[in-house]
Amino acid sequence: MDYLRLADGVAKAIADGRLRPGDRLPPQRTFARRHRVAVSTAIRAYGELVRRGLVVGEVGRGTFVRAAPPHPGSVLAEDSGRTPVNLELNYPVAEGQSELMARGLAGLARPDVLLEATRPAAADGTPEARAAAARVLARPGWHPEPDRLLFAGNGRQAIAAALSALVRPGGRVGVEELTYPLVKAVAERLGIALVPIATDGSGMLPSALEAAHRRTPLSAVYVQPTLHNPLSLTIPAERRAELALLLRELDLPAVEDTTWAFLAADRPGTPAPLAAYAPERTVLVDSLSKRLAPGLTVGFLSVPEAYGDEAARALRSGAWTAGRFNLEAAVRWVEDGTVEAVTAAKRAEAAARQALVAEHLGSYAIRTDASSYYCWWELPQPWRAETFVAAAAGELGIAVTPGAAFAVGTASAPDAVRVGLASPGRAALGAALRGLAGLAGRGR
């Protein structure tokens with residue numbers, strides 16, 4: 001990866017004596033321009049150097065080569081020794097989910113069943129898989145047609161296939177001005193330009209979307225209407241209807257990412273997906289990774305008839321189709337109630353983790369949702385996002401994601417961080433949030 005290569009280069013300069021203890025590294029934007037990489041890549045390279053204990057960030061001053069190796073141990077240690085806490089990764093795990101999943105996999109161990117489960121699968125899976133996926137994806141006010149469902153290896157591949165099917169290289173896709181970082185990487189790989197669309201408290205602004213399209217035509221729109229990552233915002237029904245109407249007027253397709261929407265799907269008042277408002281124009285993508293586990297998952301695409309053949313071709317040509325074994329496992333997990341049980345447990349756990357956010361970060365400018373596994377933290381002055389990230393990693397052993405990772409275009413990155421709440425244990429999360437709050441308070 002580029003950021004590791006850059007970090008290795010700086011590390012070698014330190015080892016060779018070309019960079020000496022106390023030397024100041026260039027600002028990250030200068031470093032990015034010098035090496036012809038994105039600012040987000042430079043931020044990750046500096047974060048990696050902090051993680052290795054080679055540099056330290058100082059608020060208002062910059063990033064400096066350390067005078068000595070970092071002191072062993074950690075204020076967050078739950079056991080003996082240093083215990084880094086990664087609040088960038090964000091995969092929720094429910095207590096007892098492994099036992100539930102193992103029960104569903106037991107039937108696949110029979111030799112005759114296993115033989116069938118290891119055969120190749122088509123882009124549209126099997127009738128049983130389509131029926132199971134339709135059951136998982138159904139929401140109040142929207143039920144996907146099983147015959148319109150396709151399968152990818154995971155949610156990321158589902159996004160890539162949807163964009164590849166709808167947008168040719170060189171095309172332009174409108175996205176929220178803060179968007180899922182993976183979409184930025186996928187767009188770059190596919191030769192697609194992302195166009196930031198302004199948002200307000202109700203989500204993407206239809207007027208801003210229309211203006212962007214009028215200036216230079218867009219090929220499609222990518223949007224996260226429910227529990228937007230990183231803002232946790234949910235677009236209200238009225239705004240969804242406005243966007244749907246505009247998609248028709250502008251003759252634009254949309255990719256609707258509902259990866260996190262399962263957390264709020266049972267909550268009264270949660271609107272139906274955008275696909276319910278513009279079914280003929282919306283490709284809905286989702287997956288089992290957050291509901292169950294990231295390592296054994298399936299990605300879903302609910303595709304309007306007009307885009308079905310192209311989406312299936314994109315899955316095949318990109319080698320993004322789901323494995324048959326994963327499809328068979330998913331069918332069993334849906335039918336035996338594992339998906340429903342684990343989903344319910346993860347919703348309850350999200351609420352418990354949000355209580356920790358309120359306890360430790362409640363006095364700060366936090367944007368989140370009671371059902372969300374992440375929060376957006378607008379840092380207090382004089383903190384800059386990159387120095388806070390470096391200080392959190394270097395001093396506390398805590399990794400958080402800088403706002404620049406989500407920003408689209410050339411606009412200044414916000415001095416904010418996304419804090420993932422899912423991956424560490426609850427005790428470690430509470431200690432990490434307490435440590436971050438203390439670090440932020442030093443800048444007040």
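Q: Which residues of β4 are buried on one side, and which on the other?
A: Both faces of strand β4 are covered: L149 and F151 are buried on one side, and L150 and A152 are buried on the other. Buried means under 20% relative accessible area, exposed means over 50%, and partly exposed lies in between, with a 1.4 Å probe and protein chains only. Strands (E, at least two residues) and helices (H or I, at least four residues) are DSSP runs, numbered from the N terminus.

Q: What kind of model is this, and how are residues numbered?
A: This is a predicted model, in which local features need pLDDT of at least 70 and side-chain atom pairs count only at pLDDT 80 or more, while totals for chains, interfaces and linings use all residues. Residues are numbered from 1 along each chain as its sequence is written, and side-chain values use heavy atoms, with hydrogens and water left out.

Q: What pLDDT does the protein average?
A: The average is 89, and 93% of the residues score at least 70. Here pLDDT is the predictor's confidence in each residue, from 0 to 100. Over residues 68–82 the pLDDT is below 50, although this stretch has 21 contacts in the model beyond near neighbours in sequence. Contact means heavy atoms within 4.5 Å. Where pLDDT is low, the predicted coordinates should not be read in detail.

Q: Back to β4: how many bridges join it to β12?
A: Four bridges join the two strands, which run antiparallel. A152 stands opposite G299 in β12. Two strands count as paired if DSSP finds at least two bridges between them.

Q: What is the strand order in the sheet of seven?
A: The order is β4-β12-β11-β10-β9-β5-β6, in an open sheet with mixed pairing. Its edge strands are β4 (149–152) and β6 (193–197), each of which pairs on one side only. Neighbouring strands are turned by 25° against each other on average, direction ignored. Axes are lines fitted to C-alpha atoms, for helices over the stretch in contact, and angles run from 0 to 180 degrees between N-to-C directions.

Q: In what sense do β9 and β10 pair?
A: Strand β9 (residues 220–223) and strand β10 (residues 254–257) pair in the parallel sense over three bridges. The bridge partner of V221 in β10 is A254.

Q: Which helices lie on that sheet?
A: Helix α7 (residues 155–166) is one of them: it packs on the sheet and touches β4, β5, β9, β10, β11 and β12, with its direction at about 165° to that of β11. Helix α12 (residues 305–317) lies across β4, β11 and β12, and runs at about 15° to β4.

Q: Which residues have the most contacts inside the largest nonpolar core?
A: They are V173 and L301, in a core of 35 residues. A nonpolar core is a set of buried Ala, Val, Leu, Ile, Met, Phe, Trp, Tyr and Cys residues joined through side-chain atoms within 4.5 Å. Helix α7 gives the most to this core, with eight residues. Apart from it lies another core, of 31 residues, among them A293, F300, V334 and V339.

Q: What does V173 touch?
A: Not counting residues up to four places away in sequence, its contacts include L163, I192, L218 and V221.

Q: New topic: why do the buried residues of α4 line one face of the helix?
A: In helix α4 (residues 97–105), the residues Q97, M101 and G104 are buried. Seen down the axis of α4, its buried residues fall within an arc of 55°, so they line one face; the arc is that of the directions from the helix axis to the C-beta atoms. On the other side of α4, S98 and E99 are exposed. What covers the buried residues includes α13 (324–335) and α14.

Q: What about L108: buried or exposed?
A: L108, in the loop between α4 and α5, counts as buried, at 2% relative accessibility. Leaving aside neighbours within four places in sequence, L108 is in contact with residues including F325 and R332.

Q: Which strands form the sheet of four?
A: They are β13-β14-β17-β16, in that order, in an open sheet with antiparallel pairing. At the edges stand β13 (365–367) and β16 (401–402), each with a single partner strand, so one side of each is left without a neighbour in the sheet. Helix α14 lies across β13 and β14, running at about 20° to β14.
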